[in-house]
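Hi everyone, thanks for coming.

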Amino acid sequence: MSREIETAREYLRPAKKLPTVWCPGCGLGIIMSAMVRAIHRLGFEKNDVAVVSGIGCTGRMPAYVDFNTLHTTHGRALAFATGLKLARPSLNVITAMGDGDALAIGGNHFIHSCRRNINMTAIVANNCIYGMTGGQYSPTTPHGKRGTTAPYGNPEHEFDCAKLAVGAGASFVARTSVYHVRELEKLIAKAIEHRGFSVVEVMANCHTSYGRMNKFATPVDMLRWMKDSAVSVARAKDMSEEELEGKFTRGVIRERRMPEFIEVYDQLGEKLTETPAAIAGVKKLLESYDRMADRLKV
Amino acid sequence: MSNDKPNTQVLQGNEAAAIGALAGGLDFFAGYPITPSSEIAEIMSRTLPLVGGRFIQMEDEIASMAAIIGASLAGARSMTATSGPGFSLMQEHLGFACLAEVPCVVVNVQRAGPSTGLPTQPAQQDIMQTRWGTHGDHAIIALAPSSVRECFTMTVDCLNLAELYRTPVVLLMDEVIGHMRESVAFPQAGTFSLDIRREPSHGLGDYCPFDECGEVIAPLSPYGGEYRFHVTGLTHDKRGFPTMVPEEVVHKIHHIVEKIEDDADSLARYEEYMVDDAEVLLYAYGSSARVAKSSVRSLREEGIKAGLLRAKTIWPFSAKRLEELVGQLSLIVVPEMNLGQYVQEVERAMKGRVPIRHLGRVDGHLFVPDQISDFVRKEVGR
């Protein structure tokens with residue numbers, strides 16, 4: 001593993017930002033490490049990568065990695081990332097979000113990003129809880145499980161993040177866990193390479209909050225749960241809904257080539273041959289302004 | 001620049017703002033449909049592809065504001081347009097842009113509120129929301145046009161000020177200004193300039209995106225450029241990393257306020273009409289000021305020495321011009337389409353030295369000249 005650690009270290013910011021805010025044994029470090037190894041594997045220059053996050057434990061990830069990094073507001077990482085990507089498509093844009101971040105307060109941005117199909121990647125670290133604020137139940141806390149705001153068990157029903165992404169039209173959806181660390185690296189790399197919007201849901205452990213309240217006393221107990229509950233996509237095909245109850249599928253859940261937003265947008269612009277009525281009258285005027293003369297295409 | 005005659009067009013304010021944005025070098029627009037601002041988004045969607053820019057319709061105004069901040073960090077001149085309810089949703093990221101010092105422009109074509117209010121009717125009820133709508137101490141720049149021509153010129157000004165001050169700037173239009181059509185002689189090219197973002201010239205590794213280095217505003221490198229750095233909505237140090245060190249926090253908050261408030265006098269711009277010998281001053285802005293101008297003419301005919309001071313810059317508020325006039329004034333009347341917002345700033349500045357009266361209107365209709373004139377007549381005992 002030491003070679004991997006060395007690789008990861010190359011992408012971490014100088015010592016001032018470390019150690020992380022994360023609890024010892026937290027799965028987020030595994031995700032961050034897999035992400036930088038995936039980026040390394042793809043051979044990107046650091047300047048060509050942007051990592052964008054929202055708020056929460058996962059939201060802190062960008063501060064530690066040596067890329068163009070943007071720590072935004074709760075739930076909004078994808079909305080910021082959308083503008084960033086549209087303004088500079090050469091950037092490889094990766095967002096890192098938690099489950100509450102991506103699916104509760106950011107749920108709207110998440111589904112619309114899925115259907116828009118802009119070429120960027122969303123990593124959703126799903127630890128089934130709001131960790132930073134102290135263990136309140138999230139949209140992925142399983143029905144009946146406990147949180148500090150669901151002391152008698154969660155009366156609500158949880159989202160299946162990957163299924164939600166598929167339903168919302170994402171062109172690439174994968175899921176694995178922090179236990180399946182090699183697969184995680186591969187899936188993140190595959191997601192980044194995919195031309196379109198890609199989602200990687202990563203089951204992660206918050207033993208401090210979720211584990212403490214739901215009989216997973218240690219990180220190891222949580223990892224064991226992931227090992228036992230993960231079912232590969234291939235194997236899941238032959239299993240009934242009842243057999244899959246309480247389990248999660250891992251692997252590439254959907255991969256489909258769909259026209260990418262910026263490609264389509266730019267092609268539509270190229271096809272324009274006449275000045276739209278809206279600026280016909282002022283075209284000459286616009287042409288006379290700084291920057292406009294060489295910008296106007298028709 | 002050619003010596004052509006001024007390019008005269010009949011346009012509405014929203015159209016002029018959109019065209020001003022293009023002339024102002026806009027690269028990116030994100031928005032969400034809302035009356036009475038939607039024409040701006042429609043025009044941007046039609047025109048931006050023609051100039052190599054990009055438009056996107058986001059899922060809501062929260063996302064629109066986020067997208068223009070993201071685009072601006074990549075170096076794009078960015079703008080959104082909205083109205084009251086959408087402006088409320090944008091407050092979250094207006095604060096982000098203030099703290100993270102990201103240039104961007106928000107056009108708010110004001111309609112009557114609160115809440116959904118009167119979607120198709122004008123108001124000037126977002127004056128204080130513009131100043132204080134987002135949480136935490138900060139400052140803001142806001143301009144208010146009174147004519148279709150100014151919708152053009154002030155959009156250019158807003159884009160420039162955003163870059164110069166590294167801050168969000170608000171163009172406070174209202175429904176009347178946005179939808180009114182009038183003949184506009186557009187300014188000749190070369191009569192205004194585009195202020196481009198100052199980029200750093202540091203050695204690699206030395207760049208601090210929030211270190212002013214003795215200047216007022218720190219240069220901002222675009223993402224994907226030469227320098228890698230961190231931007232956060234957490235209070236941050238000069239390198240951009242979160243800090244809770246009291247001195248660093250104090251520096252940051254003072255900086256984002258003072259870089260704007262210290263320039264309040266130089267940012268303040270007015271139109272003055274018969275102010276020189278005025279004893280009764282109508283202090284107004286936006287569409288209300290157009291009406292107030294007519295009132296000044298009527299009042300003058302009756303021998304009442306009225307004048308109009310029209311604030312083009314709403315925020316930061318400057319008291320300088322009022323201070324110069326304080327000795328000659330016997331009355332200040334502030335007509336605005338709200339129940340008393342900007343008048344509070346005038347009262348704060350005058351500290352009781354001149355009687356101040358507010359004339360409000362919140363029925364979704366523009367003032368009429370007689371309403372303002374009658375109010376003044378009554379106040380001066382005519």
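Before we look at a residue, one term: two residues are in contact if their C-beta atoms, placed from the backbone, lie within 7 Å. This is a predicted model, where local features need pLDDT of at least 70, side-chain atom pairs count only at pLDDT 80 or more, and totals for chains, interfaces and linings use all residues. Residues are numbered from 1 along each chain as its sequence is written, and chains are lettered from A and ligands numbered from 1 in the order in which they are written.

So, which residues does Leu84(A) contact, leaving aside neighbours within four places in sequence? In chain A, they are Ala50(A), Val52(A), Leu91(A) and Val93(A). Across in chain B, Leu84(A) meets Gly70(B), Ala71(B), Leu73(B), Ala74(B) and Tyr223(B).

Now the chain-to-chain contact as a whole: 51 residues come from chain A and 50 from chain B. On the chain B side, helix H3 (61-73) is among the contributing elements, and H3(B) gives the largest share, 9 residues. Helices here are DSSP runs of H or I, at least four residues, and strands are runs of E, at least two, numbered from the N terminus.

There is strand pairing too, which takes at least two DSSP bridges between two strands. Strand S2 (residues 68-71) of chain A runs parallel to S10(B), joined by 3 bridges. In that pairing, Leu70(A) stands opposite Val231(B).

Finally, chain B itself: an automatic or database domain assignment gives domain 1 (8-185) and domain 2 (269-379). Their centres, taken over C-alpha atoms, are separated by 26 Å.
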